[in-house]
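Thank you all for coming; today I would like to walk slowly through one structure, taking a few of its parts in turn. Please have the sequence and the picture ready while I speak.

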Amino acid sequence: MHNVTKVHFGPLLSEVRTKVDSKRPLLRYLVDKREGLRNIHPKELLTSDFSCLHSPFSLPDLSVAVELLLNSVRVGKKILLYGDRDSDGVSSTCLLAFFLKSHPSFSSINLEVMVSSESDPYGLCKEALVKIKKVKPDLLVTLDFGSSQADEIEELTNTGIQVIVLDHHEVPVRIPTNCALVNPRRTDSVYPEKKICTAVLSFKLVTAILFRQSEEFGKVYKKIEFKEETGQNQITYFQNGIKLTNETLTSLPLDDKSIFPYPENFTTAIPVDEERKLFFYQCSNIPDFFSGLEEETDLAGIGTITDMMPLVGENRHFVKLALNSLTKLYVGDKKRKGLSELLKELKLSPHGVTTKDLGWSIGPVLNSAGRMGKTEEAVSLLLSETSTEAKTKAKQLLSINEERKERTKRNMDRVERYFQRKPERTAHEVVFCYEPDMEPGVSGIVATRMVDTYKKPAIFLAPDNGDARGSIRSYGPENVLELLESLSDHFLHFGGHPEAGGFSIKIDQIPAFESALYQAAKTWLSEDKDKPKIHSIDTDFTVLTEEIGERLLKEWKDLEPFGQGNPDIKLAIKNAKAIHLTPLSGGKHVRFHLIGSGSLKYMIWNKGEEFQKFMSEHGSFDLVGSLEENFYQGRTTLQFIVEWFGITAENPVVSN
């Protein structure tokens, strides 16, 4: 809530209902405001099924990866899956491992699963290479890293190990050779989506394997379409759900008998483009294809949410499919024993698993294992074969998550004291924090909270196994990898996404790094001409207290899931008056009601003392926040989560 300098109030609900010509004016207004949603068909906005997903065969090297895997299984070669420690790495590794272990076609597979530990640097570090060579696999599949590690991969391939890389991180100029690099960010990728997580890539690989084993694989379909502008027929050929280029066509031994007509009369419940429609049609011809894939969506959805992928396009569909699959898993008896027992231990609402559950309950628990140096515990849970084993593992993982929460709390207390002693450090373009008593493993969480507090890019650094490891998080659209690249001489390793990065550094290099950081950050941000000079809050609607309730929430329910690229609906309330204020956790949080909004509870997290002081000085105030459903102790209630409170003037804002 620091540094807010302007609040842009959205229109009143009555204005939108009057001006927008639609049966659902609020929903129409919100969709039109969101670039990632406004141009899709209404039915695709409201519903998700497998017809909404793209064919995996347009991913670079995906077909090569399928053949490598199937050939390795066929001749009994040793396969090693090696995943990253975070939630996406664990989800992608376990999704692929579970499929390969449980599918009848691979009953004789020689498979081993490993994940990096918290003490290891990122990716194919020296420690990882030692572990891999000790296992002596014939085929290595890396998950959630590898794109930027050409030297290490070539070192492995030179020893005779075949390599598949499933990764979604930035691709450098020099990419690994002699391996199958499945990454949608490759410059030669024609896959319609660029920002999909590795768990989704695992799902795509599983889909492609199942399709490869069917009679539909390799079939060529021809679509004839008359074009009025030319007065001629246009012929398009498809194979495995993607359009064929002229270059590919000339290499295929085609004749009329081997070409099938495009299924013009085949209809889908959701209108989709011709490639997706054809691939869905082909998959529909394969017995039990979608029933087998349904459970594979759960970990793909978890990875999408926890790795903060934009919830538009295909990602939106994956999360919705995952929520449906997880709900069935929670209330039924499906094959994923580990995930089923974890859902039960988390005591989620039996009415349905929500996006909030993925981001705030399931994901953090899976992530906590890697943060606490116990990644194998999360893998062991997800690959559990019996309910008894799974229940024990789920309890252990929840215990690890409690340790993670306590470590985060201790670090946040130290961060707060650090900046109280040295407030001048918050004046830099990047907020930086390091002290020798900081605890490792939760640097990403702490850096994110620093961003939330100071509204700037933030770096948190902690000692770890003789060196130090840090995380950087962006505040806006700036690319943090560019900043890390400019400072790379200081690091042992670095990597990540444009929005979030990590690095390791020798402790004696930290003072020089911090000194160089501030000047580098000035240059970095000065080159970003679009960076806003002030921090403003844009709200979707301005509402009256009496308008807030479950009925209002239902008006935009179909926009879920909310997250990156499709944020939750932000509401503004003017001239609010609080009553029945209740401090929580010793005043750290606070709950209250507003005059006019009945029994609806308003919650402020981590700023309770500031709000109480503010209330002692002001009779009324403005606030910004969002509505959400909260399930606790068997009851679902509605609450309003306050993001900002203060007193606004016509132009500037007086902020708390």
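Predicted model: local features only at pLDDT ≥ 70, side-chain atom pairs only at ≥ 80, totals over all residues.

When I say strand in this talk, I mean a run of at least two residues that DSSP labels E, and the strands are numbered from the N terminus. If we compare His-493 with Val-90, the two are 403 residues apart in sequence, while their C-alpha atoms are 21 Å apart in space.

Next, please turn to a sheet. Strands of a sheet pair through backbone hydrogen bonds, and that pairing is either parallel or antiparallel. Here we have an open sheet of four strands in the order β9-β8-β7-β10, and its pairing is mixed. The edges are formed by β9, residues 242-243, and β10, residues 259-261, each of which pairs on one side only. Between β7, residues 220-227, and β10 the pairing is parallel and runs over three bridges, with Val-220 standing opposite Ile-259 in β10. Across β7, β8 and β9 lies helix α10, residues 274-284, which runs at about 145 degrees to β7.

Now to a pair of helices: how do α13 and α15 pack against each other? Helix α13, residues 313-331, and helix α15, residues 355-371, meet at an angle of about 80 degrees, and their axes are 9 Å apart. Since angles from 65 to 115 degrees count as roughly perpendicular, α13 and α15 are therefore described in that way. At this contact, Val-319, Leu-323 and Leu-326 of α13 meet Thr-355, Leu-358 and Ile-362 of α15, and the residues divide into five nonpolar, one polar and no charged.

Finally, let me come to the aromatic rings. A pair of such rings is described by the distance of the centres and the angle of the planes. The model holds 31 aromatic pairs, counting rings whose centres lie within 6.5 Å. One of them joins Phe-203 and Phe-318, whose centres are 5.0 Å apart and whose planes stand at 85 degrees, so the pair is edge-to-face. Because Phe-203 belongs to helix α8 and Phe-318 to helix α13, this pair ties together parts that are 115 residues apart in sequence. Phe-203 is buried, with a relative accessible area of 2%, and Phe-318 is buried too, at 0%.

Methods: Residues numbered from 1 in each chain as written. Heavy atoms only, no water. Pairing = 2+ DSSP bridges. Contact = heavy atoms within 4.5 Å. Axes fitted to C-alpha atoms, helices over the stretch in contact; angles between N-to-C directions. Parallel < 35°, antiparallel > 145°, perpendicular 65-115°, else oblique. Nonpolar A, V, L, I, M, F, W, Y, C, P; charged D, E, K, R; others polar. Phe/Tyr/Trp six-rings, centres within 6.5 Å; stacked < 30°, edge-to-face > 60°. Buried < 20%, exposed > 50% of the residue type's maximum accessible area, 1.4 Å probe, protein only.
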